[in-house]
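Me: I would like to go through the labels used for this model one at a time. Please set each value against its cut-off and then conclude.

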Amino acid sequence: MSRLRAESAPVSLRSVFTDCDTHSTTRRSSDVSLSAGRLSPNSAASSDHEAKVTTQATTESSTVHPVETSQPPVCAASPPSCLNHIYFFTRDVPDIAPPANVKDQRSASPASRDESTSSSGSLNPLAPTFTPSFPSPTASRLYELREVPGKGLGLFAATNIPLGARIICESPLLTISRNELHLVWGPYCRLSNAQKKAYDSLHFYNPPFMKLEQAGRLQLIDTNDTSLDADDIDEIVRDHVRVMGIFATNNFISGPAFAVYEEASRLNHSCIPNVHHSYNPTLKKLTVHAARDIYAGEELLTNYVGGRFTYWPRKRRQGILRQQYGFQCACVACVDRTGQSDGRREVMANMAYGLMQYGGDRHGEGQNPYIPATVDAALRQSEDLITLLLEEGITNIELCKAYRTAAQEALKMQDYTKARDYALNEAEVELNCLGAEVDDLVKCGSAASVFINLVEHEMVKAGAIEPAVTPRKTKKTKKTWSERRKVKREREAAAQKAEAARS
Ligand SMILES: C[S@@+](CC[C@H](N)C(=O)[O-])C[C@H]1O[C@@H](n2cnc3c(N)ncnc32)[C@H](O)[C@@H]1O
């Protein structure tokens, strides 16, 4: 997570949206969503809110990029990432670019489909309904902390958790405003004793590239205290290293800041996560949602390195995780020696990059067989990307982005029904990953609900649907799409509960 001088680091997720700077760090078009949004380990995954907007290819996890510099150390993880709501393909995605000798592997892809099945065949990406199969849980606490062999502590489902359920909604324990680890000491000293105890109990890792000891000593030079002897200095440096190392290993990108959480920082990593973490600027809390149905007893696993890292091959992902967090990932995707997972991810990277190039800067055109030649081909490629994501078990913000792209291409083809269906799927995934409080995305114009309105507007213009009857103006404001959806979900959950009680 932490690194020295993160500012110079690559982009963060947050920076994904240039023109929507409510949470400035979070969205900027040139970033892709990287990771979970932590500076360090965790930072990658989650500033989901941020992640949604970005491009798919460029992001980095905040934590993950070590910066070679002689500056004082900082948070590694941070660069920018926030994954939360940011998604979308933009133009600037060099990191995801396929190598120059890229070959068209579509035909080799396990999920490739032939032309005859392209839009409506058995791999129909419209099929998923994202409907949870468990009733809403009644337990007040959905998870418990347990030891996990080889991983330290981790969080486990204490009950069956349905897709989309909010598992954690937590305020930060310690926050710093920039990704510079030396900033952690001040806020740490201001914690209460109980908070310090909680902080000190979190996992400590000292990533060698962060040179934390050097950083601690530099901080002491600043104090210029001549009364300290060598032992005092060693002890103080050890304390600084511990406090910075804990932050580096446990922080999440949290809006414009970086924060460590008492509960969420216990989440371990998987490259095929079953939960999605994201900082919610409306709630000012980190939320963790079930990205699929999770059975009681399963470990809750988030992705420390989301965004563009999603598409990286196993070795590259593992390298980052080893460097930043000091562990060897042994998730299903990382132990797959058949090459299927890596093959899928490589094809997905090429497809995502080709779609971005198609929609924007066609740099390298002619060399990249994944730049679609027509709108129809772009639609099919985005559908294939969805299929591959689903096959790989990735049901988070990257999937949102892919649905949006498919919906946009369908709209260009004036296939309004399909455009709306994909937009609705995107909205489902958004709701499952982020919850209904996406005011920041609505404000930026990137929320799924905003896009659905646009699609419906186009449908009305084309005469495909009747215009909605304009309600008489009253003082009461109209419910947003996501609010209506939330109410519907609550009703469905209540009905399921009643049904479960009856049986
Ligand atoms: C944010 S902490 C997660 C909670 C931590 N396991 C604990 O005991 O508090 C990150 C650290 O957890 C461990 N970890 C996370 N995911 C892991 C995985 N998939 N395999 C092994 N260790 C993992 C690594 O030591 C990593 O530095």
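Me: Why is Lys284 called exposed?
Reply: This is a predicted model, and the count is taken from it. Lys284 has 11 other C-beta atoms within 10 Å. The cut-off for exposed is 12 or fewer, so Lys284 is exposed. Lys284 sits in the loop between strand S12 (275–280) and strand S13 (285–290).

Me: What makes the phi of Lys284 worth a remark?
Reply: Its phi is positive, about 60 degrees, and Lys284 is not a glycine. Most residues other than glycine have a negative phi.

Me: Which other lysine has a positive phi, of about 50 degrees?
Reply: Lys211, again not a glycine. Lys211 lies in the loop between helix H3 (193–200) and helix H4 (212–223).

Me: Is Lys211 buried or exposed, and how do you know?
Reply: Buried. Lys211 has 20 other C-beta atoms within 10 Å.

Me: Why does Arg308 count as buried?
Reply: Arg308 has 30 C-beta neighbours inside 10 Å. The cut-off is 20 or more, so the label holds. Arg308 is placed in the loop between strand S14 (301–302) and helix H6 (314–325). Ala352 is 44 residues away from Arg308 in sequence, yet their C-alpha atoms are 9.8 Å apart.

Me: How do you know that the span of helix H5 is close to the expected one?
Reply: H5 covers residues 230–250, which is 21 residues. The expected span is 1.5 Å times one less than that number. This gives 30 Å, and H5 reaches 30 Å from its first C-alpha to its last. Buried residues of H5 include His240, Met244, Phe247 and Asn250.

Me: Which elements give two or more residues to the shell around the ligand?
Reply: The shell has 20 residues, with Gly152, Leu153, His203, Asn268 and Phe327 the closest. Strand S6 (152–157), H5 and strand S11 (268–269) each give two or more. S6 gives the most, with three residues.

Me: What is the make-up of that shell, by nonpolar, polar and charged residues?
Reply: Seven are nonpolar, eleven polar and two charged.

Me: Where does pLDDT stay under 50?
Reply: Over residues 1–46, although the model has 324 contacts beyond four places in sequence for them. Residues 53–123 are also below 50, with 354 contacts beyond near neighbours in sequence. Where pLDDT is low, the predicted coordinates should not be read in detail. The protein averages a pLDDT of 76, and 69% of the residues score at least 70. For the complex, the predictor gives an ipTM of 1.00 and a pTM of 0.77.

Note on methods:
Residues are numbered from 1 along each chain as its sequence is written. This is a predicted model: local features need pLDDT of at least 70, side-chain atom pairs count only at pLDDT 80 or more; totals for chains, interfaces and linings use all residues. Helices (H or I, at least four residues) and strands (E, at least two) are DSSP runs, numbered from the N terminus. A residue is near a molecule or strand if its C-beta atom, placed from the backbone, lies within 6 Å of it. Ala, Val, Leu, Ile, Met, Phe, Trp, Tyr, Cys and Pro count as nonpolar, Asp, Glu, Lys and Arg as charged, and the others, Gly among them, as polar. pLDDT is the predictor's confidence in each residue, from 0 to 100. Two residues are in contact if their C-beta atoms, placed from the backbone, lie within 7 Å.
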